Structures are given as C-alpha cells and as structure tokens.
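Student: I have a new model open and would like to learn how to read it. Could you walk me through it, one feature at a time?

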Amino acid sequence: MTLFDMKGKVAVITGSTRGIGLAIAERMAEHGAKVVISSRKADVCDQVAKGINDKFGKGTAVAIAANISSKENLQNLIDESNRAFGKIDVLVCNAASNPYYGPLAGISDDQFRKILDNNIVANNWLISMVVPQMIERKDGSIIIVSSIGGLKGSTILGAYAISKAADMQLARNLACEYGKDNIRVNCIAPGLIKTDFAKALWDNPENLKASTSRSPLLRIGIPDEIAGAAVFLGSKAGDFMTGQTMVIDGGATIS
C-alpha cells in the first residue's frame with residue numbers, strides 16, 4: 001500500500017461531469033477509490049460513470065444526479081451513495097455557481113443569494129449529511145474546492161470571491177469541530193484553470209495574457225493539475241492535514 005492508495009475508499013464528488021470535478025473523480029478512481037459521479041443532468045452523469053467504469057473496471061463508478069440548490073436532492077445523493085457502496089469515506093464539494101460578473105453594486109439580490117446558497121450553504125448541508133457516519137467510524141476526509149478568488153479582491157468576481165473565502169472559513173471551523181473524531185476538512189484553492197466554468201476569464205487572449213503574466217509559471221492550469229491535491233487529501237498521505245487551504249495557482253499569489 002502506498003501513501004496515495006485509495007483502495008477501499010468511497011468518494012462522492014459533486015460537479016464531477018466536467019472540469020476539475022471530473023479530473024478528481026478520474027484520478028481517485030485510478031488510485032483505487034469507488035466514485036460517485038454527480039451533477040444536475042442524469043444523462044451526463046451516466047455517460048461519465050460509464051467512461052470511468054470502462055477505463056477502471058465495472059462497479060468503480062455510479063451516477064447519481066443532484067442539484068446542489070436542493071436540500072432534498074443532496075440528501076438523496078447521500079442516501080443513494082450509501083445504498084450503492086455502503087459508506088462514504090471522502091466527500092468533495094466541488095459544484096458551485098457564479099451567475100454574475102461585475103461590480104457588487106450591480107448584482108441582483110437573487111444572483112447574490114444563489115452564489116451564497118450554492119457555494120456555502122449547500123456545502124454545509126452536504127457535509128452535515130455525511131459527517132455522522134464518519135464520526136461513527138472515526139475517519140473521514142472532506143474537501144471543499146474553493147478558489148484563489150477567496151484570497152484576493154476583485155472588481156468582477158466579488159460575490160463569488162466572498163463565497164469562496166467563506167468556504168475556507170467553513171473548512172477551518174469544521175476542522176476544529178470534527179478533529180476529535182479524526183475527520184479532516186480542507187480546501188483546495190485553484191487559480192485560473194482552463195474549464196468551461198472559468199471560460200469568461202480565459203477565452204479572451206488579452207485577458208488570459210494579463211492573468212498569466214502575473215504568475216511565475218506564466219500559463220493557465222488544467223483540471224488534472226488540481227486532481228493530485230484531492231488524491232493527497234483523500235488518501236493516507238493527507239491524514240495529518242486539516243483546516244488548511246491548498247493554493248494551486250501557478251504561483252499567482254506570490255507575484
């Protein structure tokens with residue numbers, strides 16, 4: 001057994017049909033975990049789960065659609081995951097919303113509430129649903145995919161950045177609450193990653209050049225470059241890490 005071996009573990013990953021979530025699901029499966037693929041659309045979840053099963057073996061993945069804005073959907077996600085695999089060892093809260101780009105003065109109440117509800121409240125719901133079984137086993141890893149935006153100010157991503165800063169504090173608080181039960185709670189804070197979710201930030205060549213010029217690596221990241229951190233946190237390698245935020249941004253925070 002290696003430090004990064006995830007054999008025998010079950011991981012539920014929200015927003016795992018594309019981008020960072022998909023990369024995490026594929027890499028966790030590669031390292032031996034059973035994975036639950038979840039996003040809003042059932043047909044897309046089915047397609048992704050089939051691809052993982054074809055690649056890593058039948059029964060590696062199951063598809064359970066869920067909308068993170070619905071508490072009932074999330075409870076069903078947990079119930080069906082337990083039914084499929086018998087337990088949940090790792091929870092990755094990756095799904096998020098950002099319906100608005102621009103200054104905070106222009107955001108509507110509905111847009112602001114959607115960002116806060118989906119990016120913070122839904123994470124707390126989901127964690128609260130999973131944690132009882134982890135407490136019973138005295139073991140578990142919870143990973144929240146935050147953002148470098150949570151550590152910086154922004155003129156166009158203010159509401160999203162606020163929600164991601166709150167996710168970092170959520171992880172710190174829950175790490176303190178559940179540490180006695182050997183449950184680790186951490187954040188990953190990606191910088192600019194080439195995903196559809198972040199397309200507005202990299203699709204324009206001038207915007208991309210301006211963003212990457214502030215990074216020592218001088219380039220945009222790809223989803224698979226985030227997945228390794230999740231494997232670390234979900235495996236034995238991350239057993240003594242909790243309440244932390246892993247920044248993976250090509251060095252943008254030091255430039």
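Predicted model: local features only at pLDDT ≥ 70, side-chain atom pairs only at ≥ 80, totals over all residues.

Student: Is L170 buried or exposed?

Tutor: Buried means under 20% relative accessible area. L170 has 12% relative accessibility, so L170 counts as buried.

Student: Which residues is L170 in contact with, leaving aside its neighbours within four places in sequence?

Tutor: L170 is in contact with I120, N123, N124, I127 and I144. For a sense of distance, take N98, which is 72 residues from L170 along the chain: their C-alpha atoms are separated by 19 Å.

Student: Now the sheet. How do strands pair in general?

Tutor: Strands of a sheet pair through backbone hydrogen bonds, either parallel or antiparallel. Here seven strands form an open sheet, in the order β3-β2-β1-β4-β5-β6-β7, and the pairing is parallel. At the edges are β3 (61-63) and β7 (245-248), each pairing on one side only. From one strand to the next, the twist averages 15°.

Student: How many bridges join the strands β1 and β2?

Tutor: There are five bridges between β1 and β2, in the parallel sense, and V12 stands opposite V36 in β2. Strand β2 (residues 34-38) is also joined to β3 by three bridges, again running parallel. In that pair, I37 stands opposite A63 in β3.

Student: Where do the side chains of a strand go?

Tutor: In a regular strand the side chains alternate between the two faces of the sheet. For β1, V10, V12 and T14 are on one side and A11 and I13 on the other, and all are buried. Because five of the five residues of β1 are buried, β1 is largely enclosed by the rest of the structure.

Student: Which strands does helix α4 lie across?

Tutor: Helix α4 (residues 109-137) lies across β1 (10-14), β4 (90-93), β5 (140-145) and β6 (183-190), and runs at about 175° to β4.

Student: And how do I look for empty space?

Tutor: Rolling a probe the size of a water molecule over the atoms shows where empty space is left.

Student: Which residues line the largest cavity?

Tutor: The lining is made up of T14, I68, L74, A95, N118, A122, N123 and L126. Helix α4 gives the most to this lining, with four residues. By type, the lining divides into five nonpolar, three polar and no charged residues.

Note on methods. Residues numbered from 1 in each chain as written. Heavy atoms only, no water. Pairing = 2+ DSSP bridges. Helix = DSSP H or I, 4+ residues; strand = E, 2+ residues; numbered from the N terminus. Axes fitted to C-alpha atoms, helices over the stretch in contact; angles between N-to-C directions. Contact = heavy atoms within 4.5 Å. 1 Å grid on protein atoms, 1.4 Å probe; cavity = no way out; pocket = protein on both sides within 12 Å on 5 of 7 lines; lining within 4 Å. Nonpolar A, V, L, I, M, F, W, Y, C, P; charged D, E, K, R; others polar. Buried < 20%, exposed > 50% of the residue type's maximum accessible area, 1.4 Å probe, protein only.
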